[in-house]
Amino acid sequence: MLCKLDGKAAMYKDVSLSYLFLANNLQYVVGKVRQSNLNILLGDEWVTKHELKVKQYAWNYVRMGWSKVLASLPENPTADIPVDEVKEHFRRFNSAFEEAYTKQASWVVPDPGLRDEIKISLARRIVPIYKEFYETYGGMHLRKEMWVESLVRYTPDDLGNYWSDLLNVSGSSGSVMSSSSHGGRSR
């Protein structure tokens with residue numbers, strides 16, 4: 001069954017979605033093994049090994065799905081950067097963030113623990129760098145500049161608000177969407 005998951009994941013054109021698919025499905029399998037007699041047969045070592053794989057798949061999703069957002073920010077967000085470069089970093093960040101968020105807005109992680117882990121990983125990876133850059137170049141002390149209003153679309157808190165809605169199961173039924181879209185579990 002696990003080999004079939006790898007095959008189905010390879011069908012996704014978006015690499016980050018394939019990692020999300022693998023994380024979702026392996027998390028589901030591990031949960032079922034843990035709750036059944038298979039746990040006795042396969043053992044705690046098998047469960048631990050596959051829980052680590054779930055974490056690796058989730059990390060790969062974050063890395064691949066949000067790499068353009070991270071790359072849009074300067075390596076040293078508090079360094080003295082010329083105004084034109086500051087503007088370009090904000091433009092690229094806005095574009096990369098909106099592209100990643102829009103593409104992933106319908107993707108789902110049914111397991112609340114895994115979903116929270118992914119959101120925390122995203123926040124830890126991007127928010128500190130963006131916050132430093134925002135506070136240095138987009139904060140209140142630059143509000144007198146006309147370009148700041150049009151380029152600084154997101155505060156660090158805004159990012160958290162967007163991510164809070166990300167990867168949630170839509171609707172109150174809690175149903176899982178098909179594997180052909182949204183990163184859902186395989187059927």
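Which side chain meets that of glutamate 51 in a salt bridge? Keep that in mind while the whole chain is displayed, and note that this is a predicted model.

Begin with the cartoon view, where the secondary structure of the chain comes to eight helices and zero strands. Of its 187 residues, 42% count as buried, and among contacts with a separation of 6 or more, 75% are accounted for by residues 24 or more positions apart.

Now select glutamate 51 together with arginine 34, whose side chains meet in a salt bridge at 1.8 Å, N to O. Glutamate 51 lies in helix H3 and arginine 34 in helix H2 (residues 15–34), so the pair ties together parts that are 17 residues apart in sequence. Glutamate 51 is partly exposed at 26% relative accessible area, and arginine 34 is likewise partly exposed, at 40%.

Next, move to glutamate 99 and lysine 68, whose side chains form a salt bridge at 3.6 Å, N to O. Because glutamate 99 belongs to helix H5 (residues 83–104) and lysine 68 to helix H4 (residues 67–71), this pair ties together parts 31 residues apart in sequence. Lysine 68 counts as exposed at 55% relative accessibility, whereas glutamate 99, at 43%, counts as partly exposed.

Stay on helix H5 and select glutamate 88 and arginine 91, which lie three residues apart, about one turn of the helix; their closest N and O atoms are 3.7 Å apart in a salt bridge.

Finally, show the surface and select Leu38, Leu41 and Leu42, which make a nonpolar patch of about 290 Å². Leucine 42 sits in helix H3 (residues 38–65) and is partly exposed, at 36% relative accessibility.

Notes: Residues are numbered from 1 along each chain as its sequence is written. This is a predicted model: local features need pLDDT of at least 70, side-chain atom pairs count only at pLDDT 80 or more; totals for chains, interfaces and linings use all residues. Side-chain values use heavy atoms; hydrogens and water are left out. Helices (H or I, at least four residues) and strands (E, at least two) are DSSP runs, numbered from the N terminus. Buried means under 20% relative accessible area, exposed over 50%, partly exposed in between (1.4 Å probe, protein chains only). Contact means heavy atoms within 4.5 Å. Patches are made of residues with over 30% relative accessible area and no salt bridge: like charges are joined within 9 Å, nonpolar side chains (Val, Leu, Ile, Met, Phe, Trp, Tyr) within 5 Å. Accessible areas come from the Shrake-Rupley method with a 1.4 Å probe; for residues, only the protein chains shown count as cover. A salt bridge is a side-chain nitrogen of Lys or Arg within 4 Å of a carboxyl oxygen of Asp or Glu.
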